Amino acid sequence: MTGFGGTYTRAGAIRRSDQSAGARQVSGGHASGHSGPSGADKYTRRVNEASTPHCRVGVLGPVVVESASGGLVEPGGATSKALVVSLVLSHGPRSLRGIVDEIWQDAPPRNERAALQTLVSRVRATASDGLIISTPGGYRLGTAPEDCDLAAAQKARDAGRVDADGAGWPALARRTGCALELWRGEPGSDLGDMELAARLADLAAELFSDLTVLHARAMLGGGDGLGALDDLAAVAEADPLNEEIELLRLRAMVVCGTRNDALREFERFRRLLREELGTDPSAGLLDLQAELLQATRTGAPCGSGSG
């Protein structure tokens with residue numbers, strides 16, 4: 001998955017491209033020099049608009065907002081981006097006090113209201129009209145939930161769970177595949193070391209994992225064991241004791257025709273659980289092991305390809 005600043009991998013890592021100081025223009029993921037900012041542009045950098053389809057606000061990568069021309073731009077500076085993220089995560093009106101605490105943490109400006117008003121004006125100067133709306137006690141985003149990439153991905157995950165419950169594998173594959181393409185980089189990496197960055201990163205990582213697992217279930221349900229294993233490799237590495245992920249990996253191995261590999265993998269995982277947690281595998285994993293052993297003895301096919 002490519003976008004501004006590098007490639008977001010299924011392992012949840014970003015390989016950033018080298019960038020010089022100042023504004024840079026991006027086309028297809030490759031940066032080129034900019035002649036120099038002027039006016040509102042001094043606070044922004046243009047981004048690859050195709051990376052965030054149909055969204056007016058993007059936080060799944062470098063923070064971007066819709067500009068007056070309809071394109072996507074990065075607000076300049078970590079505090080401007082933090083303002084956008086704070087409003088995204090609030091899911092509604094956010095108080096002045098709450099925004100100040102999230103952006104400036106333990107070192108608030110002397111005149112908090114004036115500082116925040118300046119920050120809001122700076123973002124509004126680069127954003128489309130009505131993107132940030134004043135409320136009696138603070139501010140909110142003036143966008144529909146689906147106009148933010150984070151909310152769109154969350155909606156896709158929730159709908160994908162319904163697809164999975166109904167074994168709607170083609171629809172699930174399409175839905176989760178499109179949602180995973182919303183990631184343009186490492187969420188929160190352009191916010192510095194503020195707690196807001198960690199909140200966004202944790203939320204996005206959990207969402208990315210959920211969508212990846214659902215996509216793997218779609219691959220498995222459609223009989224593509226290799227595709228499922230490819231999906232699951234990174235999430236299994238990130239969460240090595242997750243029994244749901246391990247069960248899917250074993251089923252994918254069976255679909256690939258590597259039953260003996262699945263049995264060896266089960267034993268490896270059982271040892272890991274005992275060493276790390278002092279527990280035994282879940283009933284679902286034990287049932288699958290018994291099924292595999294029975295199929296090995298009888299030579300019968302093992303029907304564990306369900307997602």
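Me: What is the bridge partner of Thr 135 in β12?
Reply: The bridge partner of Thr 135 is Gly 138. The model is predicted, so to speak of local features requires pLDDT of at least 70, side-chain atom pairs count only at pLDDT 80 or more, and totals for chains, interfaces and linings use all residues. Residues are numbered from 1 along each chain as its sequence is written, and side-chain values use heavy atoms, with hydrogens and water left out.

Me: How many bridges join β11 to β12?
Reply: Four bridges join β11 (residues 132–135) to β12 (residues 138–141), and the strands run antiparallel. They form a hairpin with two residues between them. Strands are DSSP runs of E with at least two residues, helices are runs of H or I with at least four, and both are numbered from the N terminus; two strands pair if DSSP finds at least two bridges between them.

Me: Turning to helices, at what angle do α4 and α6 pack?
Reply: Helix α4 (residues 149–165) and helix α6 (residues 195–221) pack at about 35°, with axes 10 Å apart. Axes are lines fitted to C-alpha atoms over the stretch in contact, and angles run from 0 to 180 degrees between N-to-C directions.

Me: Which residues of α6 does α4 meet?
Reply: Among them are Leu 203, Leu 207 and Asp 210; contact means heavy atoms within 4.5 Å.

Me: And which residues are buried in α8?
Reply: Buried residues (under 20% relative accessible area, 1.4 Å probe, protein chains only) include Ile 245, Glu 246 and Arg 249 in α8. Their cover includes α6, α7 (225–238), α9 (259–277) and α10 (283–298).

Methods: Buried means under 20% relative accessible area, exposed over 50%, partly exposed in between (1.4 Å probe, protein chains only).
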